[in-house]
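Let's take a friendly walk through a structure together, one chain at a time.

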Amino acid sequence: MCLLIVLAGGWYLLPPGYETIVEWLGPFIGNYLRPSLVLVNLLFVHPLASIMFVALWAGAGFVGGVIAGTKKGAVVVGISTWLSCLLILAFCAWQIMQSGVDLSGIPPPPPGVSVTDILGLPIAQFLVTTVVTMMAGGGGGPPPMEEALPSLLMGIAPFLLTPIVTVCVAAVLGAVVRPRE
Amino acid sequence: MRLRTESLALLFMVGFLVLPVATSVLLPPGPVVVTGSSQGPMEMLPQLIESGAEVIYTHVDSEGRPAVLYGQIALPGVTGVFNLDADMYDGCLAVAVLAVRGELLDYLFELMGMGGNDSGPGDLGFAPAQDGGIGGPGDIIDYLGDEFSIVVGVYMDLEEGVAAGRMAQVVQQLAGSPLAISVSSVFSIRLDESMFPGGGNNTGGSNISSLDLFVYTLSNPMSQLIQNIVGTFTTGGMLTAMDADLFVSAPGSAAALVGLPHIEDLVGLVSSSSMNRPRHGFVDYVIAQAPQVQGPVAVGIGGFVRDQIVQAGDTEMLLSDAIGSTGTITPFSSTSQGMSIVAIDMGDTSITGIEPYDANHSYYTDGTAFWAASMLGPQSDYIVHFNETSYPPLVQAVRTFSPASPTVGSPVTVTITVTNAGSDTISDIEISDARLTEVYPQLSVDGSLVAHVPSLAPGAETSLTYTVVPEYEGVYGFFDGRVTYTFEGQSYTKSIRDAGLRVVPSLSDLFMNSISAGWPLTGIVLGLVGLGAVFNLARLRSS
């Protein structure tokens with residue numbers, strides 16, 4: 001139930017920036033792009049800029065916690081929901097790779113589509129800021145991977161941790177509110 | 001030749017900095033712009049900004065298509081939108097509202113020699129990225145897309161929160177102005193001393209401690225926003241003669257308002273940051289023109305690209321054809337309203353004469369003509385004459401889709417109709433949409449993407465028809481369609497406008513397609529999810 005709420009909410013509340021990516025790259029990458037982006041959007045949540053998705057995870061976790069009825073069960077529900085999303089994302093990504101898409105041939109946005117919408121996504125803002133910061137610090141060139149990776153991981157950790165922490169806390173709350181008799 | 005064209009376009013786009021030069025040549029001393037031997041162009045710019053000005057610039061390309069840019073500087077309409085004296089502009093380098101639809105921006109970059117995927121290190125010093133990366137501004141524009149509306153603001157040397165707060169105030173003011181902008185998302189980035197190797201002193205000589213860039217994407221309907229921007233322009237001058245519908249109905253159009261609260265800061269920054277790199281004509285020119293300009297300046301620009309208006313056999317080009325004027329073109333009165341300038345650039349075509357011609361207030365050379373319109377007064381038209389042209393016969397090419405909004409998996413018939421709207425027969429016609437399968441290798445296409453026709457009489461039409469079956473959702477881009485043909489022994493190429501085919505996903509189709517694409521793994525995953533749900537429900541009932 002918890003997973004269903006998260007997936008349904010993520011599907012129907014997909015932000016315009018992701019919709020733009022689907023419109024642009026969907027014909028090139030295939031139909032697994034949208035579910036992939038739905039899951040990326042669900043799994044990388046900015047705690048302040050994506051209040052709606054924090055609320056979605058919290059709501060789903062609360063319902064899961066109510067159903068579970070125990071704190072331990074609630075935590076298991078939360079973690080398993082988050083892991084399920086991660087697995088489905090991995091599956092979608094694998095499907096995209098299996099389709100033989102050559103990412104070096106990405107077409108320009110078609111008429112009527114602009115990537116400026118994508119800049120509004122918190123994750124895009126983080127990535128652009130990080131890359132520009134690194135390039136500025138490195139004298140204008142791309143930073144070496146061994147330097148870039150730790151910075152990226154450190155920066156992205158809050159995005160990644162927000163959903164799992166939110167869903168677990170909300171699930172425990174749900175279990176406290178309606179404990180199993 | 002490209003250099004001349006590039007110069008003209010750039011001069012216009014930097015906001016009328018060309019005017020001092022033009023007017024110093026053209027105009028006698030007058031009550032608004034005073035010229036004299038002791039006063040050079042640089043001294044005139046502040047006066048020009050003080051008095052206000054409007055310009056119509058028209059460029060006709062080798063296919064006979066006109067691109068029209070209309071702009072106003074420092075006139076009450078555009079200045080009033082920003083209220084540039086307000087405190088929220090302290091520390092602000094520039095604010096711009098930009099709405100672009102269609103091919104105009106791409107066209108302008110091409111015009112400046114900065115477009116296309118083959119752009120290499122050009123006059124502006126843009127170097128191609130290695131390994132086939134994005135090579136120049138033209139490529140960047142390609143990847144920005146051809147339809148977007150944004151508000152951009154840049155603040156310098158402010159705390160991040162202060163800059164963000166002031167930018168938010170600016171956006172709020174613009175939302176309440178006649179522009180009525182509606183923000184959909186915000187992107188911001190801050191460059192501070194930690195990002196400049198050696199601190200701010202290493203930014204090319206300027207002592208910048210920070211730069212904050214804000215990009216707000218807008219959700220206003222594009223046509224409405226362009227109309228709103230053009231609607232802020234001061235009326236009463238040559239704008240009145242233009243067909244306002246062209247700003248939204250032409251194949252490509254754009255409009256922008258630019259506010260420069262402290263133009264001296266911007267000039268200083270550009271000047272200092274260009275100290276350590278190769279000098280370019282464009283940057284040099286801007287810097288050379290601007291040092292004496294002080295205080296706030298507001299510029300408004302609107303433009304559009306139209307279909308071919310000059311064809312084989314023509315010996316003149318009328319401004320009224322380009323701007324859709326049917327009546328008198330009335331400029332501002334230079335004594336009270338501001339200056340009006342008309343410029344026409346015919347590219348490689350040599351101009352042999354212009355109308356109206358006045359030795360003191362008009363000027364032409366090679367492919368370029370200028371008029372000091374305010375000095376000439378109302379005119380029925382502005383005309384350039386030329387002898388021999390290499391313009392192609394009037395050929396129209398239109399791509400249509402049937403159905404126009406298909407769903408995933410349903411066949412779509414694509415038809416490119418070519419009409420010989422000229423008065424001469426053309427031959428060896430080839431219609432090609434061959435790039436489609438290069439862009440989307442997995443797209444199922446039934447029929448040839450290339451058609452050959454031996455000849456096409458005046459008034460006749462021919463077509464290329466094929467069918468595609470889009471299996472994926474999204475917008476399919478139909479890029480770089482071409483019609484090539486021969487006329488009087490010379491070969492011509494006409495571009496077919498890029499188009500997007502939006503394939504609407506129905507949830508059930510998408511679901512079934514996704515399952516079939518990933519079968520049997522999708523079946524296993526669904527089975528596991530289903531089992532989990534059944535297990536949970538059973539558990540719920542038992543508890």
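In chain A, which has 181 residues, 44% are buried; a residue counts as buried if 20 or more other C-beta atoms lie within 10 Å of its own, as exposed if 12 or fewer do, and as partly exposed in between, with C-beta atoms placed from the backbone. Please keep in mind that this is a predicted model, in which local features need pLDDT of at least 70, side-chain atom pairs count only at pLDDT 80 or more, and totals for chains, interfaces and linings use all residues. To find your way around, note that residues are numbered from 1 along each chain as its sequence is written, while chains are lettered from A and ligands numbered from 1 in the order in which they are written.

Stay with chain A for a moment. Its secondary structure consists of 7 helices and 0 strands, where helices (H or I, at least four residues) and strands (E, at least two) are DSSP runs, numbered from the N terminus. Along the principal axes, the C-alpha atoms of chain A fill a box of roughly 60 × 35 × 30 Å. Among the contacts in chain A with a separation of 6 or more, 80% are between residues 24 or more positions apart; two residues are in contact if their C-beta atoms, placed from the backbone, lie within 7 Å.

Now find helix 1 (residues 2–12) and helix 3 (residues 33–43) of chain A, which pack at an angle of about 110 degrees with their axes 9 Å apart. Axes here are lines fitted to C-alpha atoms, for helices over the stretch in contact, and angles run from 0 to 180 degrees between N-to-C directions. Helix 1 and helix 3 of chain A are therefore roughly perpendicular to each other, a label for angles of 65 to 115 degrees (under 35 is roughly parallel, over 145 roughly antiparallel, and the rest oblique). At this contact, A:Val6, A:Gly10 and A:Trp11 of helix 1 meet A:Val38, A:Asn41 and A:Leu42 of helix 3.

Next, turn to chain B. This chain has 16 helices and 24 strands, and 44% of its 543 residues are buried.

One open sheet in chain B has 11 strands in the order 5-6-4-3-7-8-2-1-10-13-12, with mixed pairing; two strands pair if DSSP finds at least two bridges between them. Strand 5 (183–192) and strand 12 (362–365) of chain B are at the edges with a single partner strand each, so one side of each has no neighbour in the sheet. On average, neighbouring strands of this sheet are turned by 10 degrees against each other, direction ignored. Within the sheet, strand 1 (residues 53–60) and strand 2 (residues 66–73) of chain B run antiparallel and are joined by 8 bridges. There, B:Glu54 has B:Gln72 in strand 2 as its bridge partner.

A second open sheet in chain B has 4 strands in the order 15-16-20-18, with antiparallel pairing. Its edge strands are strand 15 and strand 18 (444–446) of chain B, each pairing on one side only. Strand 15 (residues 395–402) of chain B is joined to strand 16 (residues 412–420) by 8 bridges, and B:Ala397 stands opposite B:Val418. Strand 16 of chain B is also joined by 8 bridges to strand 20 (residues 461–469), where B:Thr415 stands opposite B:Thr465. Strand 18 and strand 20 of chain B pair over 3 bridges, with B:Ser444 opposite B:Val469.
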